[in-house]
Amino acid sequence: MSLSVKPATPCTFPTTTRPAKHVSVRCCTLTQTAVRPLKMSLDTHQPAVKSWEHLLDPLDYDPMASLFTSRAVKLGNKWKEYLGVKNWEGLLDPLDENLRGEILRYGSFVEAAYRSFNFDSSSSSYGACRYPKSTLLARSGLHQTGYRLTRHLRATSGIRLPRWVEMAPNWVATKSSWIGYVAVCQDKEEIARLGRRDVVIALRGTATGLEWLENFRATLTPVPNADTKPTHHDDGDGDDSEPMVETGFLSLYTSGTDEVPSLQEMVREEISRLLQTYGDQPLSLTITGHSLGAALATLTAYDIKTTFKRAPMVTVMSFGGPRVGNRSFRCQLEKQGTKVLRIVNSDDLITKVPGFVQEEEDADVTKDQNVYVAGLPSWIQKRVEDTQWVYAEVGRELKLRSRSCPYLKNINVATCHDLKTYLHLVNYS
């Protein structure tokens, strides 16, 4: 597959189910030869909307088919820079082309998780994965990635429901559902290109009714087994409070049943196995997710670095993620060396919730223990703190904006949050 730089141009490839034809795809900045199906005007068999997170289609083409591949670009010894060892200094504005390719590549793993989830609430297998590990990537549109799935992952809600709910529709009563997977790079050429063996954890966004309910449990709760010692930095960026995260996210990460272990247990077991297998090699753990999956990716990274003292470099690629924890939680992430790149659409409301954000510029906030929340009158500052609704942003931010892109056909709450919008904006920026 050949790549060549082209001037920025609109992406105009529609989706279809018609026979494929070889065409030249020119998507924003790269040109490549790819197999793209042609759209016929009489096609009335378009797939039905199956995801609450994909309510409206913001694009006229399939981003999985038009994303360029960075396979030909050898990262070599610079791979740690693209995973944030230097906090992506000098790589975000303007966006480095190699980093762009890596962001799109990890975003495609998340899109594969969406495509693999069974959204059909009338099906007896609602909430399960549609494909086995051996064929999931290929059947969800990712061919020749060099990665092999090693574990399916499930998330379980900790909300206690009355017995009569068992008679409710699947999308209401389903307590545990498939949420993503672990994949390991096995291809020797891809390992050489990346400069290390890479482990990917990819997590989808909200799908089931109980996951939606967990999203609304927005008060902060202490992180179990967290290092609660006061964290201080030379620049004054620290906090004497304990690390706390959103109650619903923590519930989905740590809850399990007699039949299904928690997402936390699944991740710990698989990472332990992989570290024993590949721990003597150059290794990276890259955790990527969209929306709810982005929040769980951050919790997963925190938990891995807390549990495995000799864990390799852990990086989070977060697409459209909500806020996760308080300032102490952020400080603990930084202390661990966990790197987080938040890809944020400034028109996406989900990235602005839950809670309020603690004022970043006020260094004295950590000295007198008083919280100042931007935009709120001073007389309710203490009440906001007491209600445990004060969050802090984590990591570095790559800011995008839907309204600055002339090629998006819909600009609304749903499409601004859609993963396909994010992938298009990264490709176009």
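What is the accessible surface of the chain, and what percentage of it belongs to carbon and sulfur atoms? The accessible surface comes to about 19700 Å², of which 52% belongs to carbon and sulfur atoms, by the Shrake-Rupley method with a 1.4 Å probe. This is a predicted model, in which local features need pLDDT of at least 70 and side-chain atom pairs count only at pLDDT 80 or more, while totals for chains, interfaces and linings use all residues. Residues are numbered from 1 along each chain as its sequence is written, and side-chain values use heavy atoms, with hydrogens and water left out.

**Overall make-up**
- The chain has 15 helices and 14 strands, taken as DSSP runs (helices H or I, at least four residues; strands E, at least two).
- Of the 429 residues in the chain, 56% are buried (under 20% relative accessible area, 1.4 Å probe, protein chains only).

**Helices α8 and α9**
- The axes of helix α8 (residues 247–254) and helix α9 (residues 263–278) come within 5 Å and cross at roughly 55°.

**Aromatic rings**
- The whole structure holds five aromatic pairs (ring centres of Phe, Tyr or the six-membered ring of Trp within 6.5 Å).
- Phe-109 and Tyr-147 have ring centres 5.0 Å apart and planes at 65°, so the pair is edge-to-face (over 60 degrees).
- Phe-109 lies in helix α3 (residues 97–116) and Tyr-147 in strand β4 (residues 147–156), 38 residues apart.
- Both Phe-109 and Tyr-147 are buried.
- Ring pairs join Tyr-106, Phe-109 and Tyr-147 into a cluster.

Technical notes:
Buried < 20%, exposed > 50% of the residue type's maximum accessible area, 1.4 Å probe, protein only. Axes fitted to C-alpha atoms, helices over the stretch in contact; angles between N-to-C directions. Phe/Tyr/Trp six-rings, centres within 6.5 Å; stacked < 30°, edge-to-face > 60°.
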